[in-house]
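Hi,

Here is the structure I promised to pass on. Have a look at it first, and then read my notes below.

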Amino acid sequence: MRKKIALIGGGQIGQILAMIAAQKELGDIVILDIPEFENPAKGKALDLMEMAPHGNYDAFITGTSDYKDIAGADVVIVTAGRPRQAGMTREDLLAVNLKIISTVAAGVKQYAPNAFCIIITNPLDAMVYSFYKLTGFPRNRIAGMAGTLDTARWRAFIAMELGVSVADVAGTVLGGHGPDMVPLPRLTTVGGVPLTEIATKEQIDRLALRTREAGTEIVKLFGKGSAFFSPAWSAIVMAESYLRDKRRILPCAALCQGEYGVNGLFIGVPAMISANGVEKIYEIKLTEDENALLQKTIAGVKKTTEETKL
Ligand code: APR
């Protein structure tokens, strides 16, 4: 039987999620939005069905505002919420998006209690924590899409700077999904060559800063709304690793219970995603300087998470 993917939120990211999930034939797709946006969700679903003959995929795609229609979903991806506008931080969204996540958590808990859930709504670290608290789902079935995107940005900027294939850039970004996130140049390689040997300190510092501010750079360019292509693809990579048991190691916001000295917070860490969900968190031995940066981002995540009062 085909898998079922429920997309909660059918806005900018939701519609791209639907398109990529269909093209990759991950399963049938339900796009759920609020009643005021039910028709646009249905319209996007219908448009994607009409794209199928040339897009060359088999997937049934529907739009709805009724949680009954997500019943039995294998994967739930949540983008419901407000995006940032120019001049806003991700944290400015906390109060409004917390209310939305509460509704979403109730619906998912009732109708898709066994799904692997990927949260994209910002402020990411606090929203994924809230979803965990409100659903009571086990930690292996909830992950925040942050590090996968932050690492993609880091890799893209390195490839652009050095004029090499992005496929050969490997690395990771730890910590919260905000300006204190921690790209790790020491552990980044380009075709197996350490980044630190082929790029100057000035280049590395500049690319790390650009990575930390990448979301804001896009928000400024758009003028209205935030990134949507790259967040969607990043979440699809996570969903695919779960659905196809690819066992990819992807940095994502996972519940730490002792790892990196953190207890009870969702922090961006390298995690293996298999058919069991977040199967394993990998701990990296950090240098003193790297650890100091990590502690700073953890403090930021703790502060925003505490503001949820959950
Ligand atoms: N239930 C379902 N959908 C909802 C709800 C809700 N309670 N509240 C809002 N939505 C829908 C909106 O109607 C809209 O269609 O969520 C969708 C959000 O889409 P956009 O406004 O286009 O935002 P998008 O760019 O997709 O970003 C979504 O991801 O990266 C984060 O910061 C970003 O928090 C934002 C989220």
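One term before we start: a salt bridge here is a side-chain nitrogen of Lys or Arg within 4 Å of a carboxyl oxygen of Asp or Glu. By that rule, Glu 240 and Lys 24 form a salt bridge, with their closest N and O atoms 3.2 Å apart. The structure holds 15 salt bridges. Helices (H or I, at least four residues) and strands (E, at least two) are DSSP runs, numbered from the N terminus.

Some housekeeping. This is a predicted model, where local features need pLDDT of at least 70 and side-chain atom pairs count only at pLDDT 80 or more, while totals for chains, interfaces and linings use all residues. Residues are numbered from 1 along each chain as its sequence is written, and side-chain values use heavy atoms, with hydrogens and water left out.

Now the two domains. The chain splits into domain 1 (4-146) and domain 2 (147-306), with bounds that come from an automatic or database domain assignment. Their C-alpha centres lie 22 Å apart. Where they meet, 39 residues of domain 1 are in contact (heavy atoms within 4.5 Å) with 47 residues of domain 2. Together they bury about 3700 Å², 67% of it on carbon and sulfur atoms; buried area is the accessible area (1.4 Å probe) that two parts lose on being put together, summed over both. Asp 125, Arg 139 and Ala 146 supply 18% of the area that domain 1 buries against domain 2, more than any other three residues.

Between the domains there are two salt bridges. There are also 13 residue pairs in polar contact, both residues at pLDDT 80 or more. A polar contact is a pair of N or O atoms within 3.5 Å; within protein, one must be able to donate a hydrogen and the other to accept it, and residues adjacent in sequence count only if both atoms are side-chain atoms.

Next, the ligand. A backbone N or O atom of Gln 12 lies 2.8 Å from a ligand oxygen atom. For Arg 82, a polar backbone atom is 2.9 Å from an oxygen atom of the ligand.

Last, two backbone details. Asn 122 and Pro 123 are joined by a cis peptide bond, with omega about -5°, and Pro 123 lies in the loop between S5 and H4. Arg 247, in the loop between H9 and strand S12 (248-257), has a positive phi near 60° although this residue is not a glycine.

Cheers
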